Amino acid sequence: MKLFVINGPNLNMLGIREPGIYGSESYKDLCEMIKKHAADRNIEVDIFQSNHEGDLVDKIQSAYGVCDGIVINPAAYTHTSVAILDAVKAVAVPTVEVHISDVSKREDFRQISYIRSACDTTIAGHGFNVYIEAMDYLIDKYGE
């Protein structure tokens, strides 16, 4: 099984950006945790981050016929991007939306998720563990 883990804008600033919300661990720490869990579960993982919407769309499109599931944290694009929604719908790869913070308890504009309707589920508010939970969800539901 192969999963793509796709991260949107500002996630490269983890550990620096608002540590009271996102924690003090870095993006490198997150990537290492994801890679270790993939190895423990005996799957392949491709981790990608961009601050640019088009790059995220391109990465999602590249999943078609190549991977078995997507874990995506669209970050701020969650609340603004129909393009990312359309890309996920186009490739029809099982997808889980994740958020490190509990977006349901944050600003009003964060209550809107364009991508959610194309995702199997959303996991939020458990820190970096949302990625592990999402990977396990996809492995357990769609793995071989």
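In this predicted model, five strands make an open sheet with parallel pairing, ordered E2-E1-E3-E4-E5. Strands (E, at least two residues) and helices (H or I, at least four) are DSSP runs numbered from the N terminus, and two strands pair if DSSP finds at least two bridges between them. Strand E2 (44-49) and strand E5 (121-124) are the edges, each pairing on one side only. From one strand to the next the twist averages 20°; angles run from 0 to 180 degrees between N-to-C directions, with axes fitted to C-alpha atoms, for helices over the stretch in contact.

Five bridges join E1 (residues 2-7) to E3 (residues 69-73) in the parallel sense, and asparagine 7 has asparagine 73 in E3 as its bridge partner. Helix H2 (residues 27-40) packs on the sheet, touching E1 and E2, at about 165° to the direction of E2. H3 touches E1, E2 and E3, and its direction makes about 170° with that of E1. Contact means heavy atoms within 4.5 Å.

H3 (residues 53-62) also packs with H4 (residues 82-91) at about 5°, their axes 9 Å apart. The two helices are therefore roughly parallel, a label for angles under 35 degrees. Glu53, Leu56, Val57, Ile60 and Gln61 in H3 meet Ala83, Ile84, Ala87, Val88 and Val91 in H4.

Residues are numbered from 1 along each chain as its sequence is written. Local features need pLDDT of at least 70 and side-chain atom pairs 80 or more, while totals for chains, interfaces and linings use all residues, and side-chain values use heavy atoms, without hydrogens and water.

Definitions and conventions
Parallel < 35°, antiparallel > 145°, perpendicular 65-115°, else oblique.
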